[in-house]
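Subject: Structure handover

Hello,

Here is the structure I promised to pass on. Please open it alongside this message.

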Amino acid sequence: MRLASGLLSTIIFSVFVAILCLPIMRWLQRKRLPTWAALLVLIMGVLASGVALILFILFSLGHLSDNLPAYQTQLTALGAQLQGWLVRTGIEPSSAKLPAIAPGTIINTIANLLGQTLNGLILGLLILIGVVFTMLESDHFGLKLRAGLGASHPVVLQLARFSTQVQQFFYLRTINNLIVAVGSAIFLLVMGIDFALVWAVLIFFLSYVPNIGIIIACLPAVALALIQYGVGTALLVVVGLTAINYIGDYALTPRLMSQGLGLSQFTVFFSFFVWAYIFGAVGGLLSVPLTLLVKLLLEASDSTRWLAVLMDDQVPATPAAAHAEGAITTHSDASRRV
């Protein structure tokens with residue numbers, strides 16, 4: 001899979017986007033729209049959203065380039081303040097062998113990150129073609145699968161369950177990410193951090209990546225706070241964004257996802273690295289639903305169900321325990337009869 005990741009990641013991402021778009025298409029069909037018209041409305045909506053986001057990022061990159069000389073001056077002054085502080089504390093910067101601070105390093109890192117986001121959006125437009133073909137085939141795929149395996153086959157039942165759970169996960173995750181992004185935007189605007197809306201958009205999208213996505217998303221805002229106002233403000237931004245994300249992950253998400261996905265925290269954490277290694281950024285983004293798919297398929301077979309149990313967040317009553325309990329009861333009854 002890793003050798004073919006360039007091809008497989010595109011196919012997998014297209015399938016997942018199609019799964020998420022299917023309820024919207026079904027809703028449009030219930031409004032008496034034919035399939036082609038519902039699909040056209042859906043595609044136009046996705047394209048309009050993508051183009052608007054691309055234009056917003058390009059506009060922000062232009063303003064970032066205009067402010068680059070000022071940021072470089074501020075960063076140079078910050079480096080001079082750091083060296084002065086080291087001298088006052090009795091540490092010679094030359095003896096400490098501090099690396100030279102390149103004024104444009106942080107800014108270039110931010111620009112590269114935004115550029116990668118833009119490239120991802122452009123790739124998303126190409127993936128949209130794959131989504132169209134997937135959705136056109138969606139009505140027939142379920143019928144073919146039931147005809148080939150039978151309507152009551154475990155794989156058929158688990159795939160239907162997987163589709164429902166993935167839709168629920170991403171919809172609720174989107175609500176959570178939107179709340180966290182809006183809160184972050186308001187906080188950054190109050191703190192006077194430049195391009196607060198850009199960092200909020202970045203936080204919204206990278207929050208889909210479990211565990212480390214929010215950390216990567218907050219780095220540009222913290223770096224810009226350091227350049228604009230110094231170490232104190234940067235630390236305050238770290239605390240504020242961490243608190244907002246904490247509220248989202250530990251106060252809002254458990255309430256929204258009351259039923260959960262049945263995956264342990266251990267499984268979620270390490271599955272990110274496994275899928276990111278196999279499929280790159282797409283694997284990291286889809287690590288939770290891909291792991292859920294593996295778990296559900298493992299549950300469909302008696303020989304692999306024990307692996308699914310290891311991935312679960314609960315400890316179910318095992319057949320061995322039930323057998324042991326039954327044996328104890330039988331032995332007690334026999335003792336009483338004796």
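Below is what I found, taken topic by topic. Please keep in mind that this is a predicted model.

**Nonpolar cores**

Start with the largest nonpolar core, which has 30 residues. Which of its residues touch the most other members? They are Leu188, Ile193, Trp199, Val237 and Leu241. H2, helix H3 (68–88), H5, H6, helix H7 (213–229) and helix H8 (231–256) each give at least two residues to it. H7 provides the largest share, eight residues.

Setting aside residues up to four places away in sequence, Ile193 touches Leu188, Trp199, Ala221, Leu224, Ala225, Gln228, Tyr229 and Val237. There is also a second, separate core of 21 residues. Ala181, Trp275, Val288 and Leu290 are among its members. As background, nonpolar side chains in soluble globular proteins tend to be buried together.

Most residues other than glycine have a negative phi. Two residues here are worth checking against that.

Arg32 is not a glycine, yet its phi is positive, about 75°. Arg32 sits in the loop between helix H1 (5–30) and helix H2 (35–66). Its relative accessible area is 78%, so Arg32 is exposed, the cut-off being over 50%.

Phe195 also has a positive phi, near 60°, and is a residue other than glycine. Phe195 is in the loop between helix H5 (154–191) and helix H6 (196–206). Is Phe195 buried or exposed? Phe195 counts as buried, because its relative accessibility is 19% and the limit is under 20%.

**Aromatic rings**

The structure holds ten aromatic pairs. One of them joins Phe266 and Phe270. Their ring centres are 4.8 Å apart, with 50° between the planes, and the pair is tilted. Both residues lie in helix H9 (residues 265–279). They are four residues apart, about one turn of the helix. Phe266 is exposed, at 60% relative accessible area. Phe270 is partly exposed, at 43%.

Why is the pair of Phe272 and Phe273 edge-to-face? The planes of these rings stand at 75°, so the pair passes the cut-off of over 60 degrees. The ring centres are 5.3 Å apart. Phe272 is buried, with a relative accessible area of 9%. Phe273 is partly exposed, at 40%.

Ring pairs also build a cluster. Its members are Phe169, Phe170, Phe204, Phe205 and Tyr208. Elsewhere, Arg2 lies over the face of Tyr277, 4.1 Å from the ring centre.

Ile278 is in helix H9. Ile278 is buried, with a relative accessible area of 14%. Beyond its neighbours within four places in sequence, Ile278 is in contact with Met1, Arg2 and Ser5.

Ser138 gives another such case. Ser138 lies in helix H4 (residues 105–149). Its relative accessibility is 18%, so Ser138 counts as buried under the 20% limit. Ser138 and Ile19 are 119 residues apart in sequence. In space they are 8.8 Å apart, C-alpha to C-alpha. Not counting residues up to four places away in sequence, Ser138 touches Leu22 and Arg26.

**A buried serine**

Last, look at Ser287. This residue is in helix H11 (residues 287–299). Ser287 is buried, with a relative accessible area of 0%. What does its side chain reach? The side chain of Ser287 reaches the backbone oxygen of Gly284 at 3.2 Å. Leaving aside neighbours within four places in sequence, Ser287 is in contact with Pro210, Ser271, Phe272 and Trp275. Phe272 is the buried member of the edge-to-face pair, and Trp275 belongs to the second core.

Best wishes

Conventions. Residues are numbered from 1 along each chain as its sequence is written. This is a predicted model: local features need pLDDT of at least 70, side-chain atom pairs count only at pLDDT 80 or more; totals for chains, interfaces and linings use all residues. Side-chain values use heavy atoms; hydrogens and water are left out. Buried means under 20% relative accessible area, exposed over 50%, partly exposed in between (1.4 Å probe, protein chains only). A polar contact is a pair of N or O atoms within 3.5 Å; within protein, one must be able to donate a hydrogen and the other to accept it, and residues adjacent in sequence count only if both atoms are side-chain atoms. Contact means heavy atoms within 4.5 Å. Rings of Phe, Tyr and Trp (its six-membered ring) pair if their centres lie within 6.5 Å; planes under 30 degrees apart count as stacked, over 60 as edge-to-face and the rest as tilted. A charge sits over a ring if NZ of Lys or CZ of Arg is within 6 Å of the ring centre and within 35 degrees of the ring normal. A nonpolar core is a set of buried Ala, Val, Leu, Ile, Met, Phe, Trp, Tyr and Cys residues joined through side-chain atoms within 4.5 Å.
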